[in-house]
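Me: I'd like to go through this one with you and ask what stands behind the labels. Could you set each value against its cut-off?

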Amino acid sequence: MPPAPPAFHPWSTPHQIVLLFVAVLLVLMLILARTRHRAAAERVLGVIMLTLWPASVTIHATCGSLTAQTLLPLQYCDVAGIAGGLALCTRRPFCCEVLYFFGLAGTLQGLLTPSLAYGFPDPRFFLFFAMHGLVPMAAIYTVTAPLHRPRPGSVWAVYAFSLGWFAITAVVNAALGTNYAFQCAKPAHASLFDHLGPVPWHNISAMLLGLVIYSLLALPFGLRRKG
C-alpha cells in the first residue's frame, strides 16, 4: 500500500511560499506588460490556464483520486480558470469580466483559505495552487495592465452567468451526488462559508453575497468613469 499523502496545513511554510510566488509572478507579468513580450507572456499564461482542467483529470487519475467530484470542470475556480485562459488568449471583454469577478470574489478565497487535503509535495498540492494562484493573479493583471476593465452593466451580466452556472451545478450535484460549489456541504477547513448560515440555506446567502462583492469590485471603475 502506498504511503498516505502528507496533510496540508493552512498558512504553513509551503502555503506562504505559494502566496509569495503568486505576488512575484504578478509583478513579473506587469513588468512584461510594458515590453514587446507582452502578447507572448499573456498567451503563454492563457494556454497554461486552459490546460489546468485536463491536467487535473490526469493528476487525479494518476493519484487514484479521480471521482465524479474531481472529474468535471464545474467548480467556481474551474470556470474562472477557463475564462481566464480565454481572456488572456483572445481578450474578449466578457471572458475578462468573468475572470475578474470570479477570480477575486471566489478563487481568491480558495487561495487564502484553501480547502485542500494534500500537502507539499503531493502533485495535487501543486494542481490546487496552480489554479487558485493563477486565477486571482490573472484577474488583477487584467484590470491593471490593463487588458480590459469592467463595462457598465458587467455586474449584472456576470451575475446572470453565475446563476446559470449555479443552476447547472445544482442539477449535476443532484444527479451524481457530488458537492460542486460546496452546495451540499461546507468546506472542511475554515472559510467564508462558515458565516453564511446552515446548509442548504448558505447557498442563498452565497448568491446574495456574490452580488454584493461583484458590485464592490466594479465600484472603482464606475467612479472612474463618472470622474
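This is a predicted model: local features need pLDDT of at least 70, side-chain atom pairs count only at pLDDT 80 or more; totals for chains, interfaces and linings use all residues.

Me: Why are α6 and α8 called roughly perpendicular to each other?

Reply: Helix α6 (residues 93–112) and helix α8 (residues 154–176) have axes that come within 10 Å and cross at roughly 75°. Helices here are DSSP runs of H or I with at least four residues, strands are E runs of at least two, and both are numbered from the N terminus. The axes are lines fitted to C-alpha atoms, for helices over the stretch in contact, and the angle between N-to-C directions can run from 0 to 180 degrees. Under 35 degrees counts as roughly parallel, over 145 as roughly antiparallel, 65 to 115 as roughly perpendicular, and the rest as oblique. The α6/α8 pair is therefore roughly perpendicular.

Me: What makes Tyr214 count as buried?

Reply: Buried means under 20% relative accessible area, exposed means over 50%, and partly exposed is in between (1.4 Å probe, protein chains only). Tyr214 has 2% relative accessibility, so Tyr214 counts as buried. The residue lies in helix α9. Leaving aside neighbours within four places in sequence, Tyr214 is in contact with Tyr76, Phe101, Phe102, Ala105, Val155, Val158, Tyr159 and Ser162. The C-alpha atoms of Tyr214 and Val158 are 8.5 Å apart, although 56 residues separate them along the chain.

Me: How do you know that the side chains of Tyr214 and Ser162 make a polar contact?

Reply: They come to 2.9 Å. A polar contact is a pair of N or O atoms within 3.5 Å; within protein, one must be able to donate a hydrogen and the other to accept it, and residues adjacent in sequence count only if both atoms are side-chain atoms. The Tyr214–Ser162 pair is listed as such a contact.

Me: What does the largest nonpolar core hold?

Reply: A nonpolar core is a set of buried Ala, Val, Leu, Ile, Met, Phe, Trp, Tyr and Cys residues joined through side-chain atoms within 4.5 Å. The largest one here has 52 residues, and Met49, Phe101, Phe102, Phe129 and Tyr214 touch the most other members. Two or more residues come from each of α1 (13–32), α2 (38–50), α5 (76–90), α6, α7 (123–144), α8 and α9 (202–226). The largest share, 11 residues, comes from α7.

Me: Is His202 buried or exposed, and why?

Reply: His202 sits at 0% relative accessibility, so His202 counts as buried. It is found in helix α9 and touches Phe182, Gln183, Lys186, Phe193, Leu196 and Gly197, not counting residues up to four places away in sequence.

Me: And why is His132 given the label it has?

Reply: At 9% relative accessibility, His132 counts as buried too. His132 lies in helix α7, and its side chain reaches the backbone oxygen of Phe128 at 2.8 Å.

Me: What labels do Ala181 and Phe182 get, and why?

Reply: Ala181, at 10% relative accessibility, counts as buried. Phe182, with a relative accessible area of 24%, is partly exposed. Ala181 is in the loop between α8 and α9, and Phe182 lies in that loop as well. Ala181 has a positive phi of about 65° although it is not a glycine, and phi of Phe182 is near 55°, also positive in a residue other than glycine.

Me: Which peptide bonds are cis?

Reply: Among them are the bond from Phe120 to Pro121, with omega near 10°, and the bond from Val199 to Pro200, with omega near 0°. Pro121 lies in the loop between α6 and α7, while Pro200 lies in the loop between α8 and α9.

Note on methods:
Residues are numbered from 1 along each chain as its sequence is written. Side-chain values use heavy atoms; hydrogens and water are left out. Contact means heavy atoms within 4.5 Å.
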